[in-house]
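Q: Can you walk me through this model? I'd like the overall layout, then the aromatic rings.

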Amino acid sequence: MTTLTYPGLPDRIKAVIIDGVVLIVMMILVTDLFSTIQLESTLPRIVAFVCIFVVYDPLLTSVFGGTLGHKLSGIRVKKESDPSTNITFIAAFIRFVCKVSLGWLSLLTVTGNEKRKAIHDFAANSVVIYELK
């Protein structure tokens, strides 16, 4: 049986910062794409930005067990009841909404419990662990 280890605040903050950079780069690329095809309407840009922001985290977390920031930080988001399994898209979306709604307050709660779960992890029944080797 593998012993799970739970990342602390520094690794989780590192993942958030990396994801912020990834989101900015994606938005710049979309802006450049729209400029290249000379699309002047703002509605498609707004829709594209909202989709990038809202879909990035839940989709990658449910399919791959984490975002690019998680991957580069060596951590994964898993079901608490079965840490070998990714959480569902719905659970990842709930986790994302709580994380965005509560901001840093949610992340700062990782120091208050044994499994280092943030409020958004409690909401989604998820746990963040170091990547299993």
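The chat below covers the fold, the surface, the charges and the aromatic pairs.

Q: What kind of model is this, and which pLDDT do local features need?
A: This is a predicted model: local features need pLDDT of at least 70, side-chain atom pairs count only at pLDDT 80 or more, and totals for chains, interfaces and linings use all residues. Residues are numbered from 1 along each chain as its sequence is written, and side-chain values use heavy atoms, with hydrogens and water left out.

Q: OK. How many helices and strands?
A: The chain has six helices and two strands, taken as DSSP runs (H or I, at least four residues, for helices; E, at least two, for strands) and numbered from the N terminus. The order from the N terminus is α-α-α-β-α-α-α-β.

Q: What does the C-alpha trace span?
A: About 55 × 30 × 25 Å along the principal axes.

Q: And how much of the chain is buried?
A: Of the 133 residues, 37% are buried; that means under 20% relative accessible area, with exposed over 50% and partly exposed in between (1.4 Å probe, protein chains only).

Q: What share of the contacts join residues at least 24 apart?
A: 67%, among contacts between residues at least 6 apart in sequence. A contact means heavy atoms within 4.5 Å.

Q: Switching to charges: how many positive and negative side chains?
A: There are 13 positive and 10 negative side chains, and the centres of the two sets lie 4 Å apart. Lys and Arg count as positive, Asp and Glu as negative, while His and the chain ends are not counted. Each charge is placed at NZ of Lys, CZ of Arg, CG of Asp or CD of Glu.

Q: Now the rings. How many aromatic pairs does a search of the whole structure find?
A: Two. Rings of Phe, Tyr and Trp (its six-membered ring) pair if their centres lie within 6.5 Å; planes under 30 degrees apart are stacked, over 60 edge-to-face, the rest tilted.

Q: Why is the pair of phenylalanine 53 and phenylalanine 96 edge-to-face?
A: Because their planes are at 65 degrees, with the ring centres 5.5 Å apart. The pair links distant parts of the chain, with phenylalanine 53 in helix α2 (residues 42-64) and phenylalanine 96 in helix α4 (residues 89-102), 43 residues apart.

Q: Is phenylalanine 96 buried or exposed?
A: Phenylalanine 96 counts as buried at 8% relative accessibility, whereas phenylalanine 53 is partly exposed at 35%.

Q: What about phenylalanine 89 and phenylalanine 93?
A: They form a stacked pair, 6.4 Å centre to centre with 20 degrees between the planes. Both residues lie in helix α4, four residues apart, about one turn of the helix. Phenylalanine 89 is partly exposed at 36% relative accessibility, and phenylalanine 93 is partly exposed at 32%.
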